Amino acid sequence: MSLQHSSEDKIQVIRTQPDQSLGCSIIDENGREVPITEDMIQDACRELEKRLVKPAEQE
């Protein structure tokens, strides 16, 4: 996702097999490995865009 797109845009990821893993995980507070999903990444990008502070305009 690019910051030039609206927060509603989604980038299509094409996989050779349905439900194919992204190949990365996080470790939760209980020490369990949790696969990172495309939805998790898209949610994080939307959250970052909400918190983005635009730079002041130069004169």
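1. Let's start with the cysteines. Cys45 has a relative accessible area of 24% and counts as partly exposed; the cut-offs are under 20% for buried and over 50% for exposed, with partly exposed in between (1.4 Å probe, protein chains only). Cys24, at 32%, is partly exposed as well. The number of disulfides comes to zero, where a disulfide is a pair of cysteine sulfur atoms within 2.5 Å.

2. A word on what you are looking at. This is a predicted model, in which local features need pLDDT of at least 70, side-chain atom pairs count only at pLDDT 80 or more, and totals for chains, interfaces and linings use all residues. Residues are numbered from 1 along each chain as its sequence is written, and side-chain values use heavy atoms, with hydrogens and water left out.

3. Now for confidence. The chain has a mean pLDDT of 78, and 66% of its residues reach 70 or more; pLDDT is the predictor's confidence in each residue, on a scale from 0 to 100. Strand S1 (residues 25–27) has the highest confidence, at a mean of 93, and helix H1 (residues 38–51) the lowest, at 89.

4. The fold is quick to describe. Helices (H or I, at least four residues) and strands (E, at least two) are DSSP runs, numbered from the N terminus.

5. How much of the chain is buried? Of its 59 residues, 7% count as buried. The chain exposes about 5600 Å², and carbon and sulfur atoms supply 52% of that area; the areas come from the Shrake-Rupley method with a 1.4 Å probe, and for residues only the protein chains shown count as cover. Among contacts with a separation of 6 or more, 42% are between residues 24 or more positions apart, a contact being heavy atoms within 4.5 Å.

6. Pro35 is worth a look. Pro35 lies in strand S2 (residues 33–35) and is partly exposed, at 49% relative accessible area. Leaving aside neighbours within four places in sequence, Pro35 is in contact with Cys24, Ser25 and Met40. Leu22 is 13 residues from Pro35 in sequence, and their C-alpha atoms are 7.9 Å apart.

7. Next, the charged pairs. The structure holds four salt bridges, each defined as a side-chain nitrogen of Lys or Arg within 4 Å of a carboxyl oxygen of Asp or Glu. Side chains of opposite charge can pair when their charged atoms come close. One of the bridges joins Asp28 to Arg32, with the closest N and O atoms 3.0 Å apart. Asp28 is buried, with a relative accessible area of 18%.

8. Glu47 and Lys50 are three residues apart in helix H1, so about one helical turn separates them. Arg51 and Glu47 are four residues apart in helix H1, again separated by about one helical turn.

9. Glu47 is partly exposed, at 31% relative accessibility. Lys50 is exposed, at 64%, and Arg51 is exposed too, at 60%.
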